[in-house]
Amino acid sequence: MRLLGIALAFMLSAPWLAACDDDAVSQARRQTLIIGKASGLSTIDPGTTVMAYNFAPMSLSYERLLRFVVADGSPTGAVEGELAESWRLDDDGKSWLFTLKQNHRFDDGSLVTAAAVRFSFLRTLRLGLGPAQALSGLEDVEAIDARTVRFRLAAPSPIFPLILALPPMVVINPTVLAHQKGDDLARAWLSEHTAGSGPYRVASWERGQRIVLKPNPYAAETPRYFQKIVLKTVKDNASRRLLLERGDIDIFEGVTPDMADKVAQMSGVVLFERPTPVIVALAMNTTRAPFTDIRVRKAISLAIDRRAIASGVVHGHASLVNGVLPAGIPGHDPDLPEVLRDLSTARALLKEAGIAPRTAFTLSYVPASATVDSTALAIQNQLADAGLKIRLETLAPSAFAKVLAGDFDLTLSNWSADFPDPWPIMQFAYHSLNAGEGYNLSRYANAEVDGLLTRAEHAMDAEERTALYEQAQRIVMAEEPMVNLFAVHGLLAYRTDVRGLRYNAWQPGIYNVESMYRGDDAP
Amino acid sequence: MMALNRIVWRLLMLLAVVLCVTLITFVISHQLPGDPAQLMAGPRAGPEAIEKMRAALGLDQPLHAQYARYLHDLLQGDFGASIVTQRPVLRELAAVFPATLELMLTALFISVTLGVILGVAAAVRHGSWFDHFIRAAATFGISVPSFWLGLMLLLIFYGQLGILPGVGRLDDALDPPAAMTGFYTLDAALQGQWAVLRNALEHLLLPALTLALVSFGGMLRIIRASMIEVLSEDYIRTAIASGIPRRTVIFNHALRNALIPFVTVLGLEFAALLFGSVVVETIFMWPGAGSLVLEAIFALDFPMIMCFTVIVSMAYVIINFAVDLLYMAINPQIREIG
Amino acid sequence: MGRSRLKALVDLARRHPAAAIGFMVVMLIAGTALLAPLIAPYDPDAIALDQRLLPPGPTHWAGTDEVGRDLLSRILWGARASLAVGLGIVAIASVLGTLIGCFSGYVGKTSDSLIMRLMDVVMALPGLVIAMALTAALGPSLVNAALALGLLAVPYYTRVARAQTLAIKQLNFVRASQVMGAGTWHQLRVNIIPNVLPHILVLMTMHVGAAILAAAALSFIGLGAQPPAAEWGALINAGRHYVLEQWWYSAFPGLVMAITVYGFNLLGDGLRDALDPKSKSRSIG
């Protein structure tokens with residue numbers, strides 16, 4: 001009993017003697033940037049993932065040849081060199097030549113060379129996963145000399161420089177092959193370590209909890225202020241908000257529309273909001289009756305009250321999409337009229353198509369967030385007004401394969417463009433080549449649209465491309481395989497003392513920490 | 001002889017538990033709707049690659065052969081690799097286990113302290129209002145859902161009052177002490193990092209308190225009941241009558257005897273704490289085995305789930321065995337097979 | 001009910017006030033669950049997007065949720081789901097456990113020790129984790145959760161049933177009918193099980209609370225009840241996202257659940273004290 005008392009007294013008193021260390025602790029805190037993430041990371045190997053939630057450590061630890069120019073929170077459509085000093089289209093009209101900057105070094109001190117560029121891209125192609133799909137026209141990468149590299153393409157591709165600016169298109173130190181297991185191209189090792197030339201490097205990773213990054217001593221752009229970055233996974237929205245409110249995280253990812261207004265009112269917190277091209281849509285299975293019938297698709301489209309969803313479910317933190325291409329993308333037509341709800345026309349069209357009242361359909365979706373759930377419930381409610389009975393089927397992420405395989409009536413689609421170009425949206429959501437797995441969820445197939453999209457993909461003339469995409473957009477709008485519900489706004493909250501943040505709402509989760517600082521500590 | 005018999009029984013029991021746990025989890029993992037080979041080969045793998053993966057995993061063998069292979073590997077200490085991270089699951093689990101153990105031991109400490117002190121106090125004032133109140137509180141303690149209590153404590157002490165840290169084992173700005181025992185508090189104390197020690201203790205308090213509040217009730221009830229019984233024994237009455245101070249009698253004589261039945265439930269209590277920690281860890285984002293296994297459950301990472309269940313079940317049997325030995329040591333009369 | 005019986009009841013309540021309170025709470029909750037369709041002020045699944053997350057007030061006593069459903073109605077209907085799953089778990093465990101325990105105790109010998117060792121093994125299993133794994137694998141649902149939790153609680157009943165059977169077996173009337181040549185099943189049905197039942201009933205009462213908590217824990221994690229079902233654990237989980245402003249969303253269902261479990265535990269304690277004042281056995285963890 002006495003021993004217990006002593007132990008208790010020790011536990012309660014000893015630590016408080018340490019108050020003198022508080023200054024050191026608070027200084028360490030000032031120079032630590034803590035980013036609260038809404039989901040855990042699965043891998044940080046650039047060759048294997050295209051998931052945005054995996055990008056942060058990648059973009060801080062590696063460098064790409066090119067990066068997007070960002071102005072006022074959105075990409076301008078232009079790119080600038082990160083590792084590349086200059087680049088140009090080769091004389092064959094389809095290959096690209098890059099000259100590397102001097103003196104960019106990996107975190108072991110070795111130089112970034114053309115050979116490393118070649119190694120990285122061939123590795124990605126050989127792994128054949130998500131990032132390789134984005135490089136599908138790439139035939140070979142040649143290191144012409146130490147600083148010159150040529151990307152040989154099968155066909156002209158006007159968007160190739162934009163693709164090279166995507167986060168997974170980084171240059172990896174070829175010495176990682178020392179960690180190769182079997183013939184995995186060091187995949188196991190790179191899934192949780194980094195070997196790049198970026199300003200930071202991954203120092204430790206507690207899976208599902210946090211990733212800690214520390215400066216890369218050899219980086220060309222060494223961090224100006226923050227000596228430690230913590231990417232902290234806090235899945236629970238309320239806990240994450242609590243941490244932001246108390247200043248235990250500096251940057252808050254995953255602001256949901258229903259909390260945005262409250263976050264904006266928090267003292268000491270800034271809410272950043274910009275439109276993005278992330279479109280949430282109701283996709284109809286155009287290969288399954290009765291959705292093969294354009295009248296049925298039109299009826300469903302007219303029965304949906306987009307404005308009510310945008311205000312009731314997304315609380316105004318979304319923009320209506322009147323066409324196919326959202327604002328900010330060439331080919332977007334700001335003069336298109338808003339699609340207004342018209343229940344009587346919807347009912348008439350359904351009757352014309354021979355759909356009896358109270359016919360039941362199933363809406364299959366992955367309940368990824370409260371917003372998705374509420375959207376599904378709202379659709380169910382609104383379609384009931386048109387006499388349709390919608391059964392909601394929630395799917396586990398792995399069970400979404402069923403939708404990709406075409407076994408569904410209605411589903412919710414969530415698709416985006418990473419850069420201001422019609423290609424990512426038109427090519428994937430509407431080209432019949434990409435039906436299902438490629439994310440043309442409604443399995444829309446129209447030979448004329450296919451032809452226009454294929455021509456646009458290789459047209460090097462910007463005006464010609466835009467015209468082709470505009471033409472395709474008009475056909476798609478007339479046939480309406482998907483009901484574009486809204487384009488979400490990019491939302492990010494951060495403490496007011498975090499300065500110098502240059503954020504790109506189109507590419508969430510990527511930060512310029514190396515040039516950021518805290519409060520008045522401007523370096 | 002009897003003791004030896006008991007040890008043999010326990011070892012057999014251990015074996016049976018391992019067999020049973022592995023069999024159950026093995027059967028569950030083979031009822032999955034998804035195909036593990038597909039899962040490991042990646043979503044875009046062709047049928048050839050999947051077939052290759054299937055062969056590599058031994059999934060093309062009949063079920064009993066697969067089970068035999070699993071047991072065979074298990075005997076060599078090989079629990080397999082995680083489907084998610086491809087790393088040995090035993091190593092992943094070992095890396096986070098100190099965090100869970102630190103939390104559980106702290107909770108156990110709080111809960112035993114509360115249980116013993118309040119239990120004795122209630123027993124001494126048997127039948128009084130204080131006694132009734134303590135009993136009611138103890139019963140309420142075991143009636144409150146731990147996940148709810150944790151949420152509310154977090155909201156009050158961190159969110160509203162701001163006097164305790166929120167989640168995790170340590171402030172993010174601090175670097176954990178160099179690993180010696182794996183317990184942040186102990187490591188920090190051994191290395192003289194007082195700021196870290198203080199911070200780690202503050203982080204421990206809320207999750208440990210949550211676990212303790214829902215488990216001290218059970219301990220309190222047992223202590224109280226056996227204290228009442230012991231206090232009514234003749235030798236205690238005689239001792240008090242013979243002028244030995246009441247305090248001394250209660251703590252030195254009575255409590256010692258009342259603790260005997262209490263020791264027997266410690267094993268059970270430890271198990272309850274471990275399962276409680278799965279939920280509590282997720283609320284306080286405690287980077288321990290509970291959080292790990294929950295992630296594994298959602299990812300259907302069965303090698304990890306199986307490793308966790310086997311280790312925990314074995315630990316349960318071993319702890320109960322240790323408690324038995326302890327019990328025999330305290331109370332030499334009991335030497336029969338239970 | 002006659003006057004004298006009422007008086008006896010009042011006496012009983014006076015002697016065991018805690019059990020009486022527990023009994024009243026349990027009756028209240030059971031009544032609520034049964035009458036939910038009648039007393040719930042709103043349809044628990046009716047959505048009203050313009051009435052989201054309203055605070056408690058005269059129209060919605062417990063406020064509304066993120067799509068405008070009335071929370072009081074959902075909590076009331078949730079009593080059905082939570083009680084049903086709690087009772088389901090207890091039913092599975094008690095029926096199987098009693099049968100196995102009585103059989104094991106009565107027959108004795110090798111089969112007895114085999115059965116009891118098997119029960120020891122099942123008791124050593126990390127129940128909640130296996131239940132989680134099972135529900136994750138079979139697909140999250142309350143039925144799967146109840147099945148898993150029920151099966152894993154069987155040994156607690158087996159132990160009690162067996163211990164009581166061993167005691168009853170020694171009684172004269174049982175021995176007598178054994179001598180008269182009564183078969184095993186007849187003995188179990190007529191003499192053993194009816195005499196074991198009171199003890200099982202106590203255990204059941206004490207188990208309901210723990211079962212409700214365990215099922216709610218699964219729902220809270222997302223492995224039990226699925227939206228839009230109104231179940232207490234699922235409600236607490238849903239409310240977690242809004243806990244900073246709409247604290248009542250999580251707090252009310254949690255409080256109701258705590259009170260319910262408290263009621264069952266008080267009643268169980270009281271019944272046990274009445275049946276066996278010296279018993280020190282614990283509720284199922």
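**Domains and interfaces**

Reply: Let us begin with the parts of one chain, bearing in mind that this is a predicted model. The assignment for chain A gives domain 1 (35–250 + 498–518) and domain 2 (274–489).

Me: How many Å separate the centres of domain 1 of chain A and domain 2 of chain A?

Reply: Taken over C-alpha atoms, the two centres lie 32 Å apart.

Me: How should I read the contact between these domains, and how many residues of each take part?

Reply: One begins by counting the residues on either side. Here 20 residues of domain 1 of chain A are in contact with 18 residues of domain 2 of chain A. Next comes the area: the two domains bury about 1,500 Å² between them, and 73% of this is on carbon and sulfur atoms. On the side of domain 1, Pro158(A), Ile159(A) and Trp506(A) supply 44% of the buried area, more than any other three residues.

Me: Which elements of chain A each supply at least two residues of the side of domain 1 that touches domain 2?

Reply: They are strand E3 (74–81) and helix H6 (160–164) of chain A. E3(A) gives the largest share, four residues. By class, this side of domain 1 divides into 13 nonpolar, six polar and one charged.

Me: Arg274(A) was named in the salt bridge. Which residue stands opposite Arg274(A) in E17(A)?

Reply: To read paired strands, one asks about their direction and the bridges that join them. Strand E12 (residues 269–284) of chain A runs antiparallel to strand E17 (residues 482–495) of chain A, and twelve bridges join them. In this pairing Gly490(A) stands opposite Arg274(A). E12(A) also pairs with strand E16 (residues 410–415) of chain A, in the antiparallel sense and over six bridges. There, Ile279(A) stands opposite Trp415(A).

Me: Let us turn to the other chain. How many residues does the contact take from chain A and from chain C?

Reply: The steps may be repeated for a pair of chains. The contact takes 15 residues from chain A and twelve residues from chain C. The two chains bury about 1,300 Å² between them, 57% of it on carbon and sulfur atoms. In chain A, Asp236(A), Ala238(A) and Leu377(A) lose the most area to chain C, together 30% of what that side buries.

Me: What is the count of salt bridges between chain A and chain C?

Reply: The count is two. In a salt bridge between Arg241(A) and Glu245(C), the side chains meet at 2.4 Å, N to O.

Me: Which elements give two or more residues to the side of chain A that touches chain C?

Reply: Those elements are helix H8 (237–245), helix H9 (257–265) and helix H13 (370–385) of chain A. The largest share, five residues, comes from H13(A). By class, this side of chain A has six nonpolar, five polar and four charged residues.

Technical notes: Residues are numbered from 1 along each chain as its sequence is written. Chains are lettered from A and ligands numbered from 1 in the order in which they are written. This is a predicted model: local features need pLDDT of at least 70, side-chain atom pairs count only at pLDDT 80 or more; totals for chains, interfaces and linings use all residues. Side-chain values use heavy atoms; hydrogens and water are left out. Contact means heavy atoms within 4.5 Å. Buried area is the accessible area (1.4 Å probe) that two parts lose on being put together, summed over both. A salt bridge is a side-chain nitrogen of Lys or Arg within 4 Å of a carboxyl oxygen of Asp or Glu. Ala, Val, Leu, Ile, Met, Phe, Trp, Tyr, Cys and Pro count as nonpolar, Asp, Glu, Lys and Arg as charged, and the others, Gly among them, as polar. Domain bounds come from an automatic or database domain assignment. Two strands pair if DSSP finds at least two bridges between them.
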